[in-house]
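Please keep the sequence and the model in view while reading.

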Amino acid sequence: MTANPSTPKLAAVQILLIRHGLTVEDQPRLSDAQRHLSAKGRKVVRSVAQVVRGLSVEPDAFVVCPHVSAVQTAELFAEQLDFMGEVAVLHALTSGIPPHIAAKDIAQRGQLVVVVAHEPTLSALGAFLTARPAFPPLRPAQVSVLQDGRPLWFIHPETLAQDRLLIA
């Protein structure tokens, strides 16, 4: 398949797509955007981040959608990776905004960019970045890695195993 002509230049760019961790159960006074990580969600996020740390990942940037659970997930990852920069909120990662808008910004952030958001935003972004019609949805706290627009690997949040990322 040929690359999407509107895909931003991603030469030598590695992108870690991370779905937010498990959140507290639905509560009547909290919107989805306001729901925060549960204790189990924090534990799993820290465990997955430790696996990523063991791979000597050194991000240039963290971008995150404005939802509380995504911000908390990004902050936990940044802390585990000793990332001292800003965890920047990127409103283009909000549900319903076409992925090419976020992709353009992400491509300018450095050679290794961590993106933390919700589904289906992440799978839409993954499909756009790989110039594929679809991308597998991420589980809570899952990390999927793309290099130069190609799928590389992912981490199972339940088992902490690293596996090859296969997409159609």
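Is R53 buried, partly exposed or exposed? With a relative accessible area of 38%, R53 is partly exposed, where buried means under 20% relative accessible area, exposed means over 50%, and partly exposed lies in between (1.4 Å probe, protein chains only). The model is a predicted one, in which local features need pLDDT of at least 70 and side-chain atom pairs count only at pLDDT 80 or more, while totals for chains, interfaces and linings use all residues. Residues are numbered from 1 along each chain as its sequence is written, and side-chain values use heavy atoms, with hydrogens and water left out.

The side chain of R53 meets that of D82 in a salt bridge, at 3.0 Å from N to O; the term denotes a side-chain nitrogen of Lys or Arg within 4 Å of a carboxyl oxygen of Asp or Glu. This pair links distant parts of the chain, since R53 belongs to helix α1 and D82 to the loop between α2 and β3, 29 residues apart. Helices (H or I, at least four residues) and strands (E, at least two) are DSSP runs, numbered from the N terminus. D82 counts as partly exposed, at 48% relative accessibility.

In general, side chains of opposite charge can pair when their charged atoms come close. The structure holds four salt bridges. One of them joins R109 to D105, with the closest N and O atoms 2.6 Å apart; R109 is partly exposed at 29%, and D105 is partly exposed at 25%. Another joins R150 to D148, where the closest N and O atoms are 3.8 Å apart. R150 has a relative accessible area of 45%, and D148 has a relative accessibility of 31%.

D148 takes a positive phi near 55° in the hairpin of β5 and β6, which has two residues between the strands. The sheet is open and contains seven strands in the order β3-β2-β4-β1-β5-β6-β7, with mixed pairing; two strands pair if DSSP finds at least two bridges between them. At the edges are β3 (87–89) and β7 (162–164), each pairing on one side only. From one strand to the next, the twist averages 25°.

Strand β5 (residues 143–147) is joined by five bridges to β1 (residues 14–19), and these two strands run antiparallel. Across this pairing, Q14 stands opposite Q147, and I15 stands opposite L146. Five bridges also join β5 to β6, again antiparallel, and here Q147 stands opposite R150. Which residues cover the two sides of β5? V143, V145 and Q147 lie on one side and S144 and L146 on the other, and all are buried.

Helix α1 (residues 39–54) lies across β1, β5 and β6 (150–155), running at about 125° to β6. Helix α4 (residues 121–130) lies across β1, β4 (112–117), β5 and β6, at about 160° to β1. Axes are lines fitted to C-alpha atoms, for helices over the stretch in contact (heavy atoms within 4.5 Å), and angles run from 0 to 180 degrees between N-to-C directions.

Helix α2 (residues 68–80) contains T73, which is buried because its relative accessibility is 0%. Not counting residues up to four places away in sequence, T73 touches I18, R19, H20, G21, L37, V45 and V116.
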